[in-house]
Amino acid sequence: YQCDWSSDVCSSDLRYPAQLSGGQRQRVALARAVVSQHPLCLMDEPLSNLDAQLRAEMRVELRRLQQALGLTLVYVTHDQVEAMGMADRIVLLHEGRIAQVGTPIELYERPASPVVARFIGQPPMNLIRLPGEDGLRGIRPEHIALGQGPHTAVLESAEYHGADRLLSLRLHDQLIKVRHAGREALPLGQSMSLGWLAERECRFPSEDA
């Protein structure tokens with residue numbers, strides 16, 4: 001209610017959910033679910049109608065409420081940022097089957113299959129087939145070092161992100177992504193060596209590709 005205390009006149013600004021915008025109705029539904037005080041709460045794409053900034057704010061707020069109230073929250077989402085940022089454990093489904101169950105760190109560092117490797121991460125894990133090998137090697141873009149290593153690739157594009165650059169390189173006719181901390185511009189078409197530590201690598205048999 002809005003009141004003008006000088007004139008003792010009050011006007012109601014109360015609106016029903018049907019009169020609200022899609023994003024406002026979404027927040028009303030979230031509030032109802034949280035205040036119901038049930039120990040188990042299921043949320044199916046609860047932030048899908050919100051803009052990007054509000055989604056980021058609501059992720060933090062929902063996580064805070066879940067921890068403060070001790071709720072068991074089953075949260076369904078196609079947004080891997082939401083899953084990675086909010087979950088204690090993730091159940092990743094692919095074509096109706098469970099692809100992997102684990103903590104966000106486990107799915108990111110040790111994906112069980114190429115399906116998980118391609119879904120988790122922005123950009124996703126590089127899946128590289130080296131000459132003479134049947135299987136795939138998985139390596140995250142931030143774990144590839146430029147200027148050192150046994151592999152030679154050609155730089156095709158570079159995206160400036162402020163703190164770093166996201167490079168696209170052609171390696172054995174495969175396009176891979178490399179996150180490069182250097183801020184200097186690199187000439188396109190340049191050949192450069194690259195490598196990575198063996199402990200940062202994941203191996204996948206070819207039949208899982």
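Guide: Happy to! One term to start with: a salt bridge is a side-chain nitrogen of Lys or Arg within 4 Å of a carboxyl oxygen of Asp or Glu. This is a predicted model, so local features need pLDDT of at least 70 and side-chain atom pairs count only at pLDDT 80 or more, while totals for chains, interfaces and linings use all residues. Residues are numbered from 1 along each chain as its sequence is written, and side-chain values use heavy atoms, leaving out hydrogens and water.

Visitor: OK, how many salt bridges does the structure hold?

Guide: There are 8 of them. In one, Arg-170 pairs with Glu-156, with N and O 3.0 Å apart. This pair links distant parts of the chain, 14 residues apart: Arg-170 is in strand 10 (residues 165-171) and Glu-156 is in strand 9 (residues 145-160). Strands (E, at least two residues) and helices (H or I, at least four) are DSSP runs, numbered from the N terminus.

Visitor: Which residue forms a salt bridge with Asp-164?

Guide: That's Arg-179, and the closest N and O atoms are 3.6 Å apart. Asp-164 sits in the loop between strand 9 and strand 10, and Arg-179 in strand 11 (residues 174-180), 15 residues apart. Asp-164 is buried, since its relative accessible area is 16%, whereas Arg-179 is partly exposed at 25%. Elsewhere, salt bridges that share partners join Glu-133, Arg-137, Glu-201 and Arg-203 into one network.

Visitor: What does Arg-200 pair with?

Guide: Arg-200 forms a salt bridge with Glu-109, with 3.8 Å between the closest N and O atoms. Those two are 91 residues apart: Arg-200 is in the loop between strand 12 (191-195) and strand 13 (202-204), and Glu-109 is in helix 4 (residues 104-109).

Visitor: Why do such side chains pair at all?

Guide: Side chains of opposite charge can pair when their charged atoms come close.

Visitor: New topic: which residues form the nonpolar patch on the surface?

Guide: Leu-40, Leu-42, Val-74 and Val-76 do, with about 360 Å² of accessible area together. Strand 3 (40-44) and strand 4 (72-76) each give two or more residues to the patch. Patches are made of residues with over 30% relative accessible area and no salt bridge; like charges are joined within 9 Å, and nonpolar side chains (Val, Leu, Ile, Met, Phe, Trp, Tyr) within 5 Å. Accessible areas come from the Shrake-Rupley method with a 1.4 Å probe, and for residues only the protein chains shown count as cover.

Visitor: Is Leu-42 buried or exposed?

Guide: Leu-42, found in strand 3, counts as exposed because its relative accessible area is 62%.

Visitor: How far is Ile-176 from Cys-202?

Guide: The two are 26 residues apart in sequence and 15 Å apart in space, C-alpha to C-alpha. Happy exploring!

Terms used:
Buried < 20%, exposed > 50% of the residue type's maximum accessible area, 1.4 Å probe, protein only.
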